[in-house]
Amino acid sequence: MDSDYPSFETPICSELKHFCKRIKDTYQELKEDLTPYKDDRYYRLAPMRLYTLSKRHFVLVFVVFFVCFGLTVFIGIAGPKVIESSILQIDTNTSTQVEPYLLESQPLSTYDQQLWLTCVVVLKQPDESIIKTNFNVSVKISGVVGDATTKLISTPAHNRTRTLSCARKCAEIIVVHLGYLNYTQYKIAVGFEDLRYPIAGVNFTWKSYNPAFSQVEIWFRFVFVVLTFMVTCLFAHSLRKFSMRDWGIEQKWMSILLPLLLLYNDPFFPLSFLVNSWFPGMLDDLFQSIFLCSLLLFWLCVYHGIRVQGERRCLTFYLPKVFIVGLLWMASVTLGIWQTVNELRDPTYQYRVDTGNFQGMQVFFLVVACLYILYLLFLIVRACSELRNMPYVDLRLKFLTALTFVVLVISIVILYLRFGARNALYESQLKDNPAFSMLNDSDDDVIYGSDYEEMPLQNGQAIRAKYKEESDSD
C-alpha cells in the first residue's frame, strides 16, 4: 500500500518508518552477534594462550608439572616424620578378666593435633593358632589441665565391643581417638572383659602428629594459599578486557574453581592450633569436599558444554550432573559429620565397627561413583568424536583430556597403594579426610605410623589442581 501510494504519506511519517526499520535491523544484527551460529561461536571466544603453544611448549608444560610434583614428593619424604609413637609394654598373668590399666600420655600441645591410643594383645597361645573372638573394652578418660589438676571427661565409662584377630600375631586395635586436644595430658584407664583366652601381656602405643611436621604443614599450606591467590589475580587480570559472555566454558569454570582451590588450601588452617575446638578441622574437611566435588562437576560440564553451544538450560544440562555429584558430596559430608559428632560424644567410637549400615553406605558410594565414571566416559567419547576435526576445539579437547588422564593416573596409583596391595605400611601414610572417609576402608588405618610421609599426597593434590587451573585458564 505504501509503495503504491507514496504520495499520500507525509515526509515525517516516512522518516519515522525508515528510522524504525533501521532500529529493527540494528537489533537483529546485535542479536545475531550475541547468539552466533554454532560453528562461528568457536572463533569468537576469549583467546586462550593454549592456541599459541607449540609442541615444545606442551612438553615443557608437562615437564614443569612433573618436576613440581616430584619436588613436593621429595620434600615430603625428606621432611620430618609424620607420626610420633610411644610404646608401653605391660606383662600380665591374668586369664580372661583384666583389671584396668592406668596409662598416661606424654605432654601434649596443639601441634600434636590428634591423639590415638592403640593396643596389641599378646596371648598365651601357640604362634600357629588362628583366633577371632569378641571381647569388651572399658575406657575412662581424664584430662590434666595447666595447674596439674585432673578432670574426668568420660562419665560413665565407655564400653565397646571389639574383635580380637590373631594369626601368629594379634592385630592392633584402636582404643581411643581424640580428634582435637583440650588438655595438656590425658590419663586413660583401660580394662578388658570377656576374653576367652589367657593374656600374656598388652602392648599399648600412644600416637600423635609430630609437632615438627605440623609446622611444616602450616608453611606448606601458607605457600599454596599465596600461590593460589596470585594465580587467581593473574587469571582475573588476563580476562578483564573480555565480556563474560565471550569466555569459554573452561574459563568460566576456572573463575569458580580458583576461589574454591583457595579454600581447599584452607587459609583458616592455623586456627586449629590456636583454638581448642573441632570446628576448624570440620571446616577444613568441608572445604576439601566442596572443591573435589566441584572438580568432578567441572569435568562433566566441560566435556558436555564444549559441544553444546548457546543456551545451556539448567534443567537439562546442569541438573543431572549436579544430582550425580551432589549424591557423592552428600554421602561424604554426612559420614564425616556423623563420625565427628560421635567421636566428640564418645572417643572410643569407630564408624567402621560401630555403624551397622556402613557397608551399605560404601556400596551406595561406589555405585554412584561408577555411574559418574560411565557418564564421564560417554561425554568424552562423544566430544572427541564430534569435535575432533574442528580447529581450536580439538586442541582444547586434547589438552583437557591429557590433564584429566594425568590426574586420574596419579589418583589410581594412590588408590592402589592405599587399597590394592592392602599393605599396612602404605595404609598408615594417607591422612584420612573424614569428608571422604568412605573411600578409605577405615579411620582406624590413619595413624599407624611408618617411615614414609603423607605430605606428598596432600600437597601433590594441591599442586596438581593448581597447575590444571593455571593451564586451562591461560
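N210 sits in the loop that links β10 (199-209) to α4. In this predicted model, N210 counts as buried because its relative accessibility is 11%, under the 20% cut-off. Setting aside neighbours within four places in sequence, N210 is in contact with P80, K81, V82, I83, E84 and Y111. One of these contacts, I83, falls in strand β1 (83-91).

That brings us to the sheet. It is an open one, built from four strands in the order β1-β10-β3-β8, with antiparallel pairing. β1 (83-91) and β8 (173-178) are the edge strands, each pairing on one side only. From one strand to the next, the twist averages 15°. At the β8 end, the partner is β3 (residues 115-123), and the two pair in the antiparallel sense over five bridges. One of the residues involved is L115, whose bridge partner in β8 is L178. Although β8 is an edge strand, six of its six residues are buried, so the rest of the structure largely encloses it.

Now for the nonpolar packing. The largest nonpolar core takes in 43 residues, and W253, F298 and Y303 have the most contacts inside it. Two or more residues come from each of α4 (211-238), α5 (249-264), α7 (279-305), α8 (314-345), α10 (358-387) and α11 (393-420). As for W253, its contacts beyond four places in sequence are S294, L297, F298, C301 and V302.

F287 gives a local view of helix α7, where it is located. This residue counts as buried because its relative accessibility is 11%. Not counting residues up to four places away in sequence, F287 touches L263, Y264, D266 and F268. F287 and D266 are 21 residues apart along the chain, yet 7.2 Å separates their C-alpha atoms.

The UniProt record (an unreviewed entry) places the feature "transmembrane region" at residues 58-78, 218-236, 256-274, 286-306, 318-341, 361-385 and 397-419. Two of these spans can be set against the model. Residues 256-274 are 68% helix and 0% strand, and the C-alpha atoms at the ends lie 30 Å apart. For residues 286-306, the chain is 95% helix and 0% strand, again with 30 Å between the end C-alpha atoms.

The protein has a mean pLDDT of 76, and 76% of its residues reach 70 or more. Confidence is highest in α4, at a mean of 92, and lowest in helix α12 (residues 424-427), at 34.

Conventions:
Residues numbered from 1 in each chain as written. Predicted model: local features only at pLDDT ≥ 70, side-chain atom pairs only at ≥ 80, totals over all residues. Heavy atoms only, no water. Pairing = 2+ DSSP bridges. Axes fitted to C-alpha atoms, helices over the stretch in contact; angles between N-to-C directions. Core = buried A, V, L, I, M, F, W, Y, C linked by side-chain atoms within 4.5 Å. Buried < 20%, exposed > 50% of the residue type's maximum accessible area, 1.4 Å probe, protein only. Contact = heavy atoms within 4.5 Å. UniProt positions renumbered as here; feature names shortened; annotations may be inferred. pLDDT = per-residue confidence, 0-100.
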